[in-house]
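Hello,

Here is the structure I promised to pass on to you. Have a look at it first, and then read my notes below.

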Amino acid sequence: MTVAGVLLAAGAGRRYGMPKALARHGGRLFVERAAETLREGGCDPVVVVLGAAADRVRAEAMLGNAIVVDNPEWPSGMGSSLGAGLRATLPLGVDSALVLLVDLPGVTPAAVRRVAALASPDALVMAGYGPRRGHPVLLGREHWAGVAAAATGDVGARPYLAAHGAAVRVVPCDDVADDRDVDTPEEHTGSHA
């Protein structure tokens with residue numbers, strides 16, 4: 001089964017004070033690290049959705065052969081970026097899209113591989129961290145239209161996944177990854193760094 005990585009990196013990072021795509025972790029931009037995590041986890045191709053400071057991200061980030069997509073609706077929230085990423089993935093002929101947010105530096109290629117291993121056109125898979133469900137999230141092609149329709153404002157796939165709860169598989173990843181997001185520079189320099 002083929003899996004495209006969809007990296008959502010369009011937000012302005014209001015609480016962070018700058019677009020998180022341009023924040024640095026371990027000497028690299030968040031957006032570079034996340035795209036590499038998807039690639040190393042077996043996703044091919046990788047689609048990167050940009051919005052805030054898109055020109056600057058393009059100029060500064062080394063994204064290799066990633067397909068870079070602009071989301072002009074990025075101020076409306078993550079939902080429009082998810083929709084833009086899925087629309088860009090549609091003509092690529094892959095079975096599933098594995099979605100990752102740019103501000104999760106603790107997600108590893110091992111977690112991506114685990115979740116991606118369940119790829120199929122009808123897959124709905126979330127990574128599990130103890131009792132929590134989180135990223136990466138795998139969406140089979142058959143669900144893309146429904147996910148995109150349900151993703152509005154700052155809400156991504158969660159409502160769609162909740163509505164299809166019985167079909168969602170959870171893959172434990174807490175032994176190989178940490179999906180806590182970095183919302184402020186203090187969090188970044190604290191326990192998440």
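Predicted model: local features only at pLDDT ≥ 70, side-chain atom pairs only at ≥ 80, totals over all residues.

Residues are numbered from 1 along each chain as its sequence is written, and side-chain values use heavy atoms, leaving out hydrogens and water.

The structure holds eight salt bridges. One of them joins the side chains of Lys20 and Asp103, at 2.6 Å from N to O. These two residues are 83 apart in the chain: Lys20 sits in the loop between β1 and β2, and Asp103 in the loop between β6 and α4. (Helices, H or I of at least four residues, and strands, E of at least two, are DSSP runs numbered from the N terminus.) Lys20 is buried at 12% relative accessible area, and Asp103 is buried at 8%. Buried means under 20%, exposed over 50%, and partly exposed in between, with a 1.4 Å probe and protein chains only.

Asp175 and Arg114 also meet in a salt bridge, again with 2.6 Å from N to O. Asp175 is exposed at 55%, whereas Arg114 is partly exposed at 31%.

Happy exploring!

Methods
Salt bridge = Lys/Arg side-chain N within 4 Å of Asp/Glu carboxyl O.
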